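Subject: Structure handover, cavities and pocket

Hello,

Here is the structure you were waiting for. Please open it and keep it beside you while you read the notes below.

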Amino acid sequence: MTKERPQSAIWDSEHECMHILALRELQIERLKKVVKTLWNKVPYYRQKMKVVGVTPSDIKKLEDIQKLPFTTKDDLRLCFPYEAFAVPLDKVIRIHASSGTTGKPTVVGYTRKDMETWTNVVARFLVAGGLTSKDIVHIAFSYGLFTGGFGLHYGAERVGASVIPVGAGRSERQISILKDFGSTALVCTPSYAIYLAEIMQGMGVKPDDLKLRIGFFGAESWSQRMRQEIESKLDLFATDNYGLSEVIGPGVSGECLYQNGMHISEDHFYPELIDPDTCQPVDPTKGGELVFTTLTKEAIPLIRYRTRDICTLMPEPCPCGRTSRRMSKISGRSDDMLIIRGVNVFPSQVEEVLLEVKGTLPHYQLVVHREGVLDRLEVRVEVSEEYFSDEMKKLHEMERMLERKLENLLGLRAGVKLVEPKTIERSEGKAKRVLDMRPKE
Ligand SMILES: [Zn+2]
């Protein structure tokens, strides 16, 4: 289904459409300031800079950023809870934390000015994705320490839309609210959008019964195929947005309606791409690990924060008129990357292949086992009811066909198992795409 692209405006044209040379000038001025602040206010950082032999006076041009040490999640854990803060707590008006799957979470704080910045960068991508003050926004992110719910909430309010803070979970109730309140914009993770579409179908609610026209999906990586699925199942225009709590939360970047890469709010967040193994800069169009330096944050400024997310950067201008560099969809997290028999595998690559084939559903899981010394990858994917009721022979043919496609793409033999609809666990937040059953080393 080809949909007509909705209209959109520009929230902050002064900064979003800034001449590139003026933007670079602004960035270097802000970079110098942030390095000075960290040197003066955060002993942990001063120590890190001393170790590599750099002082604030060494930072004169943007390329000098490469002299600065990287910051990692481990640094923030060592600073738990407030040691990385550059302001006293009485200047902090909000605290969030990122969900730590292992060990302690990382704690982030916001001053009043940080909250303004955050609200405005979220408003930027919402407006870029078509939101106006006439919209009714249904937010199905969880509200809590996770930055997704509150970040989107404040940004959408700033645009002047009517915001419904539904929160996560209770999926049937979500559908009733979407229907009864006439929501026009949906905010959630892409995998939850697909799940909602499935629940809707079960309740006999059709896309036509809803007024949804645009959707903002973030907090996990998703493929172009997944976008097409969401757009056709919910009959809306879907854009991707990106952020992480350490950098600010959602709002670091977001797509415009050309759906061709996410515009980075470069006046606030300076991007670099590095090789995750050597930490050296890479050709941004070839791809690498994304690294951000915050240029304006007060409470917890970060220098060269390693996001672990893999993407490319696009420097060429966008037809929408915004001048910032765009980042591609995240192809994976270097943390999530599976290494199977020496081959790097990202779940999103597998997703592309699976959803290309008629009859598969966007619910899948990668299961890795170890048999003797060999790792084995099994890909489980749901197929629609009509396919599943087909004769076994046909199902096996489909499995073999998917295995061939995966082997072509990955250079790795993987077993494919087609499973019945609704047998793979659903998530109300980020989907669990990988089950790694290998013994921990
Ligand atoms: Zn654009």
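The largest cavity has a volume of about 140 Å³. A cavity here is a set of points on a 1 Å grid over the protein atoms alone where a 1.4 Å probe fits but cannot get out. Grid points are joined across faces, edges and corners, and a volume is the space filled by probe spheres set on the points.

This is a predicted model: local features need pLDDT of at least 70, side-chain atom pairs count only at pLDDT 80 or more, and totals for chains, interfaces and linings use all residues. Residues are numbered from 1 along each chain as its sequence is written, and side-chain values use heavy atoms, with hydrogens and water left out.

Back to the largest cavity. Its lining holds 19 residues; Glu16, Arg124, His263, Ile264 and Ser265 lie nearest its centre. Lining residues have an atom within 4 Å of a point. Helices (H or I, at least four residues) and strands (E, at least two) are DSSP runs, numbered from the N terminus. By class, this lining has 6 nonpolar, 8 polar and 5 charged residues. Ala, Val, Leu, Ile, Met, Phe, Trp, Tyr, Cys and Pro count as nonpolar, Asp, Glu, Lys and Arg as charged, and the others, Gly among them, as polar.

The second largest cavity holds about 100 Å³. Among its lining residues are Ser191, Tyr195, His363, Tyr364 and Arg426. Helix H8 (190-202) and strand S18 (360-371) are the elements that give two or more residues to this lining. The classes here are 4 nonpolar, 3 polar and 4 charged.

Next, the second largest pocket, at about 520 Å³. A pocket is an open set with protein on both sides within 12 Å along at least five of seven lines. Of its 24 lining residues, Glu198, Gln201, Lys233, Leu361 and Ser384 are closest to the centre. H8 gives the most, with 5 residues. H9 (224-234), S18 and H11 (385-388) each supply at least two. The lining counts 11 nonpolar, 5 polar and 8 charged residues.

Finally, the whole chain. It has 12 helices and 21 strands. The C-alpha atoms fill a box of roughly 70 × 55 × 40 Å along the principal axes.

Best wishes
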